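Good morning, and thank you for coming. I shall present one structure today, beginning with the surroundings of its ligand and ending with the chain as a whole.

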Amino acid sequence: MNRLKDKVAIVTGAADGIGLAISKALAKEGAMVVMTDINEEKCTQEANLLLENNNNISTLLCDIGDTNSVNTMVNTCIEKFGKIDILVNNAAVAIPGTITNMPEEDWDKLMNINLKGAFRCIKACLPHMLSVKQGSVINISSTQAHRSWDDWTAYAAAKGGLLSMTNQLAGQFGSNNIRFNSISPGAILTPMNQKRVEEEGEQFLKGSINQAPMLRLGKSEEVAMTAVFLASDEAGFITGEDITVDGGLCTVPRYFE
Ligand SMILES: NC(=O)c1ccc[n+]([C@@H]2O[C@H](COP(=O)([O-])OP(=O)(O)OC[C@H]3O[C@@H](n4cnc5c(N)ncnc54)[C@H](O)[C@@H]3O)[C@@H](O)[C@H]2O)c1
């Protein structure tokens, strides 16, 4: 409790899945959490539940695929709370496709949200972090950036881009006391993956589970607690780091038939 007292945090894609779990975990540690999402109704509904439990929560509609929407969200946050200590770039879409069959429009749509969305949010928040020489930016990447799966060319490329951008910015802004880190989740049971179970059947679940030594899907809360650590002063000397939360998938992948 209170590891993030007096901190103001923006979380994108906060209405569901990992973003919602991160919002809850940051609030539980005392942060003022600004939950932002394109799905305003669900975001408000979840925020109201958290408000009932005395959490400091505010919601703002934001489409990270749109520069005006991001700038308005960040400006409103500054007007209301005066600062931004923590930015969690979580929102993303999962559009499958290999390089041979993916229409260019799908590539552009995915890149605009999953990679450029983080660029937009960082660009808008950075001046406010620089002015007080303090900030923690957490980019949610994926194990897709580290390993190869068929059918996820653009998604993996965007997640790899996020890792590189995290490193570049960590190097550039370390002396300003602004830390940039990323988290690479493995297969986590969220609505995003629930949809894949429905579309691809049990085969998807079996394949995901069997590849990692811990033989299970991860929980959103397990990713969220890693975000709390990276956001907190406990991680005050950690920057340019990627933490995989994947049951060992990347470090000790299993062979299976
Ligand atoms: N679930 C997994 O197994 C897994 C694994 C690795 C990485 N990730 C990453 O974790 C993050 C969260 O994934 P999730 O599984 O919780 O996803 P999810 O689909 O369950 O939730 C994503 C949220 O983002 C919002 N969103 C989508 N487009 C948006 C936009 N343009 N602007 C603002 N909000 C938008 C959605 O409304 C939704 O609330 C993503 O970056 C995803 O790539 C997930």
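Helix 1 (17-28) and helix 6 (191-200) each supply at least two residues of the shell around the ligand. Helices here are DSSP runs of H or I with at least four residues, strands are runs of E with at least two, and both are numbered from the N terminus. Please note that this is a predicted model, in which local features need pLDDT of at least 70 and side-chain atom pairs count only at pLDDT 80 or more, while totals for chains, interfaces and linings use all residues. Residues are numbered from 1 along each chain as its sequence is written.

The ligand is surrounded by 28 residues, the closest being G13, G17, A92, T190 and M192. A residue counts as near a molecule or strand if its C-beta atom, placed from the backbone, lies within 6 Å of it. By class, this shell has 15 nonpolar, ten polar and three charged residues. Nonpolar means Ala, Val, Leu, Ile, Met, Phe, Trp, Tyr, Cys and Pro; charged means Asp, Glu, Lys and Arg; the others, Gly among them, are polar.

Let us stay with helix 1. It packs with helix 8 (residues 220-231) at an angle of about 50°, and their axes are 8 Å apart. Axes are lines fitted to C-alpha atoms, for helices over the stretch in contact, and angles run from 0 to 180 degrees between N-to-C directions. The angle therefore makes helix 1 oblique to helix 8. Angles under 35 degrees count as roughly parallel, over 145 as roughly antiparallel, 65 to 115 as roughly perpendicular and the rest as oblique.

Which residues of helix 1 and helix 8 meet? From helix 1 they include G17, I18 and A21, and from helix 8 they include S220, E221 and V223. Contact requires C-beta atoms, placed from the backbone, within 7 Å. The residues of this contact divide into eleven nonpolar, two polar and two charged.

A second pair is helix 4 (residues 104-132) and helix 5 (residues 153-173), which pack at about 20° with axes 9 Å apart. Helix 4 is therefore roughly parallel to helix 5. Among the residues making the contact are W107 and L110 of helix 4, and Y155 and A158 of helix 5. Here the division is twelve nonpolar, two polar and one charged.

Finally, the chain as a whole has eight helices and seven strands. Its C-alpha atoms fill a box of roughly 55 × 35 × 35 Å, taken along the principal axes. Thank you.

Definitions and conventions. Two residues are in contact if their C-beta atoms, placed from the backbone, lie within 7 Å.
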